[in-house]
Amino acid sequence: IDKTFTLKESSSEKILFGAEESTVTGNEESHKEDEDKISDIVASSLFPHGEEGDNNEMNPPSSLPSSNDDMLPADDEEGLSLASCEEPIDDGDEKNIKDELSTIEGRNPESGDASDNNIVDSKSAENIITEKGYLHEIAEEQESTSTIGLEEPVEEFDDDCLTCSVVTWNLAESPPSEKEASFFRKFRKIDGTGSDLVMIGAQECEEIKPRRAEGHRSRHIRRLGVQMLGKDYVPLAIHSLGGIQMALYCHRDVLGDVEMIDIADVTCGVGNVFHNKGAIGAYLKMRYHAESGVTKCSRMLFITAHLAAHVKNVDARNDDFKRIVSELEAQAPMRFLRPRKNRDGTPATCDGSHLLNSVDHVFFSGDLNYRVNLPREYVEHCINEIKTCTSKEPSAAGNLMKKLLRQDQLLQTIASGKAFHGFDEGKITFLPTFKFDKGTAFYDTSHKQRVPAWTDRILFKSNKLQVLDYNSVSGAVHSDHRPVYGTFKVGWGLTEQTMKKERSTKRKKSRSSRTR
């Protein structure tokens with residue numbers, strides 16, 4: 001396809017490719033092979049916990065109230081996210097989706113006749129269901145993801161563990177008001193309850209154009225962070241890449257435990273040169289000396305990203321992820337990550353796996369731009385039904401959320417193992433965060449009629465982490481996106497005693513290999 005691009009003064013997507021969005025139809029045999037492959041790996045790889053259960057779920061603390069008016073009830077067990085993959089959609093469910101869409105479009109599902117006043121997208125639900133059928137292994141019921149990656153009971157978290165909050169917000173090149181940014185205050189630490197670390201990531205802070213100084217919108221969002229969090233939070237790192245900005249704040253109580261902080265960025269725009277797409281990564285190493293004399297250490301990696309846009313560009317988004325983690329591994333400072341070497345002593349190729357497997361906690365957030373593979377009419381119908389029955393019939397609302405999230409490109413990508421391998425996500429109980437008419441609660445009414453989707457996400461990879469809160473802010477309406485935030489309790493990584501044992505074991509193995 002001959003792809004031409006033009007820079008466009010658009011609020012949401014600055015680089016548009018000339019190729020029209022279309023659905024790529026694969027052959028049936030490859031789909032069948034993918035179906036067999038995915039059904040084998042999903043339960044064992046993404047969802048190791050097996051049976052359902054909410055025994056380890058922790059409710060958000062009182063200082064972190066929910067801000068999403070359209071959120072499903074907290075006690076609803078029908079919420080869906082990564083860790084929900086047990087029952088595939090059967091033929092009856094597929095027929096129901098087709099019939100529902102036919103009803104919305106104004107035609108008889110039996111006859112297939114449509115009324116003249118209801119013209120639908122050429123990409124019908126039937127085509128999508130047929131083409132994406134091999135991915136229907138995604139999620140029927142979710143085990144509590146509040147303790148993803150945590151094998152020990154909640155009460156075994158140490159009292160000195162850290163609490164981290166992550167925010168991602170696409171600003172659509174317009175500064176938010178103080179009222180809209182007031183949800184930052186919920187992360188404040190009061191009487192020992194609150195966040196020790198707060199990372200605020202923003203996309204489309206500025207127009208993409210050459211500039212010698214920082215733009216006023218970037219300064220505005222940074223000042224809002226300092227103002228809302230208060231004087232007890234100290235900026236550890238602030239960095240911008242084009243329209244992407246990251247600010248990492250640390251509470252003074254744990255400021256003395258910070259051993260090192262460093263920043264790197266990766267461009268993923270046209271030719272991997274333009275700054276309209278890319279990511280910023282913050283390497284943080286903390287060391288804590290407990291009263292018992294034990295020294296604890298944790299290495300954390302915070303990433304905020306803006307990946308390739310448009311429904312069809314799933315492969316481009318996957319490639320962006322791989323480029324980001326590979327480049328961040330190559331740029332990681334020696335004090336944070338020792339480079340991997342081949343047996344002959346030469347530097348090994350950086351593919352990101354060494355970095356992701358060596359760090360204790362990785363947070364990957366941003367406008368990841370993964371969409372929903374369903375027609376606009378059907379998605380909008382489900383959203384309206386969810387809003388109607390959320391308070392009256394929470395189970396029905398949960399079932400509708402499942403139908404939409406089964407076709408979420410990001411969940412499909414992780415299930416297929418094509419990108420974000422080993423990453424998890426909290427329960428998605430909020431409505432799609434993209435794309436709204438600015439200043440309103442209405443999804444895109446322009447001629448493009450973009451399909452509502454969960455483009456703004458927070459993923460994590462950790463051995464010991466508990467999700468305290470994962471939500472969006474429906475009241476922040478200045479942008480065509482809604483901000484998303486998450487609060488997590490994270491355990492410490494290696495202790496000094498554990499590190500000494502590991503070093504001793506490595507020395508013994510090295511000596512034995514030399515002897516041989």
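Reader: Where is Phe434 found?
Author: Phe434 is found in the loop between helix H9 (409–416) and strand E11 (456–462). Helices (H or I, at least four residues) and strands (E, at least two) are DSSP runs, numbered from the N terminus. The model is a predicted one, in which local features need pLDDT of at least 70 and side-chain atom pairs count only at pLDDT 80 or more, while totals for chains, interfaces and linings use all residues. Residues are numbered from 1 along each chain as its sequence is written, and side-chain values use heavy atoms, leaving out hydrogens and water.

Reader: Why is Phe434 called buried?
Author: The relative accessibility of Phe434 is 1%. Buried means under 20% relative accessible area, exposed means over 50%, and partly exposed lies in between (1.4 Å probe, protein chains only). Phe434 therefore counts as buried.

Reader: Which residues does Phe434 touch, not counting those up to four places away in sequence?
Author: A contact requires heavy atoms within 4.5 Å. By that criterion, Phe434 touches Arg371, Tyr443, Arg450, Val451, Pro452, Ala453, Thr455, Asp480 and His481.

Reader: What joins Phe434 and Lys435?
Author: The two residues are joined by a cis peptide bond, with omega about -5°. Lys435 is likewise found in the loop between H9 and E11.

Reader: What makes Arg482 a charge over the ring of Phe436?
Author: A charge sits over a ring if NZ of Lys or CZ of Arg is within 6 Å of the ring centre and within 35 degrees of the ring normal. Arg482 lies over the face of Phe436, at 3.7 Å from the ring centre. The charged end of Arg299 also sits over a ring, that of Phe336, 6.0 Å from its centre.

Reader: How many aromatic pairs does the structure hold?
Author: It holds 19 aromatic pairs. One of them is Phe183 with Phe184, whose centres are 4.8 Å apart and whose planes make an angle of 65°. Rings of Phe, Tyr and Trp (its six-membered ring) pair if their centres lie within 6.5 Å; planes under 30 degrees apart count as stacked, over 60 as edge-to-face and the rest as tilted. The pair of Phe183 and Phe184 is therefore edge-to-face. Both Phe183 and Phe184 are buried.

Reader: Why is the pair of Phe187 and Tyr485 called edge-to-face?
Author: The ring centres of Phe187 and Tyr485 are 5.9 Å apart and the planes stand at 65°, so the pair is edge-to-face. This pair links distant parts of the chain: Phe187 lies in the loop between strand E3 (162–170) and strand E4 (197–203), and Tyr485 in strand E13 (residues 484–490), 298 residues apart. Phe187 and Tyr485 are both buried. Ring pairs link Trp169, Phe183, Phe184, Phe187 and Tyr485 into a cluster.

Reader: How many disulfides does a search of the whole structure find?
Author: The search finds 0 disulfides, a disulfide being a pair of cysteine sulfur atoms within 2.5 Å.

Reader: Which elements do the buried residues of H8 pack against?
Author: They pack against helix H7 (376–389) and H9. The buried residues of H8 are Ala397, Gly398, Leu400, Met401, Lys402, Leu404 and Leu405. In H7, the buried residues are Arg376, Tyr378, Val379, Cys382, Ile383, Ile386 and Cys389.

Reader: Is Asp191 buried or exposed?
Author: Asp191 is exposed, because its relative accessible area is 79%. It lies in the loop between E3 and E4 and has a positive phi of about 55° although it is not a glycine. Glu204 also has a positive phi, near 55°, but at 3% relative accessibility Glu204 counts as buried.
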